Amino acid sequence: MKIVEVAVGVIKQGDDIYISKRADDLHQGGKWEFPGGKREADETIEQALSRELSEEIGIQVTKQTPFMIIEHDYGDKKVRLDVRLVDGFEGTASHQEGQVSLWANINALSDFTFPEANKQIITKLMQTYL
């Protein structure tokens with residue numbers, strides 16, 4: 001089974017993190033996620049994340065740093081999430097593709113339903129920033 005490489009952005013502003021809800025018809029649909037997307041063959045993870053965040057939420061990333069890597073097998077799909085902390089960007093984050101999105105306090109992230117692979121991100125965020 002092929003592993004899907006995904007660049008994930010944990011966009012941080014103070015104690016708030018930007019999250020969005022996946023469309024119901026997508027894999028893991030209806031759950032909340034950190035924005036990002038698949039890395040194209042000719043891209044670095046940094047380039048993929050910058051492109052995805054520009055397309056998805058209309059921001060230009062000015063600072064991103066590695067946060068963690070997660071490999072997860074959903075049974076029907078294997079993913080490798082290269083999670084990067086985005087704490088520098090220009091523009092106003094708002095979903096360009098019609099998804100519901102919001103800024104959530106790090107304390108409140110556990111109140112949302114995320115895909116299984118994302119739960120490790122929330123745990124590390126809480127350990128790091130609270």
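Visitor: What percentage of the 130 residues of the protein chain counts as buried?
Guide: You're looking at a predicted model, where local features need pLDDT of at least 70, side-chain atom pairs count only at pLDDT 80 or more, and totals for chains, interfaces and linings use all residues. Residues are numbered from 1 along each chain as its sequence is written, and side-chain values use heavy atoms, with hydrogens and water left out. Buried means under 20% relative accessible area, exposed means over 50%, and partly exposed is in between (1.4 Å probe, protein chains only). Of the 130 residues in the protein chain, the buried share is 42%.

Visitor: What pattern does the protein chain follow along the sequence?
Guide: Helices (H or I, at least four residues) and strands (E, at least two) are DSSP runs, numbered from the N terminus. The protein chain has 2 helices and 7 strands. Read along the sequence, they give β-β-β-β-α-β-β-β-α.

Visitor: What does the C-alpha trace of the protein chain span along its principal axes?
Guide: In contacts with a separation of 6 or more, residues 24 or more positions apart account for 67%; contact here means heavy atoms within 4.5 Å. As for one distance across the chain, Lys-119 and Asp-25 are 94 residues apart in sequence and 21 Å apart in space, C-alpha to C-alpha. Along the principal axes, the C-alpha trace spans about 40 × 35 × 30 Å.

Visitor: Is Gln-64 buried or exposed?
Guide: Gln-64 sits in strand 5 (residues 60-73). Leaving aside residues up to four places away in sequence, Gln-64 touches Glu-46, Leu-49, Ser-50, Arg-84, Leu-85 and Val-86. Its relative accessible area is 16%, so Gln-64 counts as buried.

Visitor: Which side chain makes a polar contact with the side chain of Gln-64 at 3.3 Å?
Guide: A polar contact is a pair of N or O atoms within 3.5 Å; within protein, one must be able to donate a hydrogen and the other to accept it, and residues adjacent in sequence count only if both atoms are side-chain atoms. The Gln-64 side chain reaches the backbone oxygen of Glu-46 at 3.2 Å. At 3.3 Å, its side-chain partner is Ser-50.

Visitor: Is Asp-24 buried or exposed?
Guide: Look in the loop between strand 2 (16-21) and strand 3 (32-33) for Asp-24. Not counting residues up to four places away in sequence, Asp-24 touches Gly-29 and Gly-30. With 68% relative accessibility, Asp-24 is therefore exposed.

Visitor: Which residue's side chain makes a 2.8 Å polar contact with the side chain of Arg-22?
Guide: Arg-22 is also in the loop between strand 2 and strand 3. Beyond four places in sequence, Arg-22 touches residues including His-27, Gln-28 and Lys-31. The side chain at 2.8 Å belongs to Glu-33.

Visitor: How many charged residues are in the lining of the largest pocket?
Guide: The largest pocket is lined by 26 residues, and Val-6, Arg-22, Glu-33, Gly-36 and Gly-37 lie nearest its centre. A pocket is an open set of points on a 1 Å grid over the protein atoms alone where a 1.4 Å probe fits, with protein on both sides within 12 Å along at least five of seven lines; lining residues have an atom within 4 Å of a point. Strand 1 (3-13), strand 4 (36-38), helix 1 (45-57) and strand 6 (78-90) each supply at least two lining residues. Counting Asp, Glu, Lys and Arg as charged, Ala, Val, Leu, Ile, Met, Phe, Trp, Tyr, Cys and Pro as nonpolar, and the others, Gly among them, as polar, the lining has 11 nonpolar and 6 polar residues, and its charged residues number 9.
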